[in-house]
Amino acid sequence: MGTVERALEIAREGKLKSVSDIIQVLAKEGYEDAYQHLSGHTINRQLRSAMASARVGE
């Protein structure tokens, strides 16, 4: 699974509160390039939106 794909999966779980948290989880899972993949404005917005939607859906 790709870094961005996994990041979105984690975000949709709704357990984390920030993109930084997602990057830390990905690093622990062996995604060494997580920061580079997730540092862009668009992906940051998508991840924050996915986390917010997951929290609302609880």
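**From one residue to the whole chain**

Modeller: Arg6 is found in helix 1, which covers residues 3–13. Helices here are DSSP runs of H or I with at least four residues, strands are runs of E with at least two, and both are numbered from the N terminus. This is a predicted model: local features need pLDDT of at least 70, side-chain atom pairs count only at pLDDT 80 or more, and totals for chains, interfaces and linings use all residues. Residues are numbered from 1 along each chain as its sequence is written, and side-chain values use heavy atoms, with hydrogens and water left out.

Colleague: Does Arg6 count as buried or exposed?

Modeller: Arg6 counts as buried, because its relative accessibility is 15%. Buried means under 20% relative accessible area, exposed means over 50%, and partly exposed lies in between, with a 1.4 Å probe and protein chains only.

Colleague: Which side chain does the side chain of Arg6 join in a polar contact?

Modeller: The side chain of Arg6 joins that of Glu29, in a polar contact of 2.7 Å. A polar contact is a pair of N or O atoms within 3.5 Å; within protein, one must be able to donate a hydrogen and the other to accept it, and residues adjacent in sequence count only if both atoms are side-chain atoms.

Colleague: What else is Arg6 in contact with, leaving aside neighbours within four places in sequence?

Modeller: With those neighbours left aside, Arg6 is in contact with Met1, Glu13, Leu26, Glu29 and Tyr31. Contact means heavy atoms within 4.5 Å.

Colleague: And Thr3, where is that found?

Modeller: Thr3 is also found in helix 1. Thr3 is buried, because its relative accessible area is 9%. Its side chain and that of Asp33 are joined by a polar contact of 3.1 Å. Beyond its neighbours within four places in sequence, Thr3 is in contact with Leu26, Tyr31, Asp33, Ala34 and His37.

Colleague: Which are the buried residues of helix 1?

Modeller: They are Thr3, Arg6, Ala7, Leu8, Ile10 and Ala11. These buried residues pack against helix 2 (19–28), helix 3 (34–38) and helix 4. As a general point, an α-helix has 3.6 residues a turn, so residues three or four places apart point the same way.

Colleague: What follows helix 1?

Modeller: Gly14 follows helix 1, and its phi is positive, near 75°.

Colleague: Let us change topic. Is Val56 buried or exposed?

Modeller: Val56 counts as exposed, because its relative accessibility is 72%. Val56 lies in helix 4, residues 41–56. Val56 and Ile10 are 46 residues apart along the chain, and their C-alpha atoms are separated by 15 Å.

Colleague: And Gln36, buried or exposed?

Modeller: Gln36, in helix 3, counts as exposed at 55% relative accessibility.

Colleague: How many helices and strands does the chain have?

Modeller: The chain has 4 helices and 0 strands, in the pattern α-α-α-α. Its radius of gyration is 10 Å, close to the 10 Å that the globule rule gives for 58 residues, so the chain is as compact as a globular protein of that length. That radius is taken over C-alpha atoms, and the rule is 2.2 Å times the number of residues to the power 0.38.

Colleague: What part of the chain is buried?

Modeller: Buried residues make up 36% of the 58 residues.
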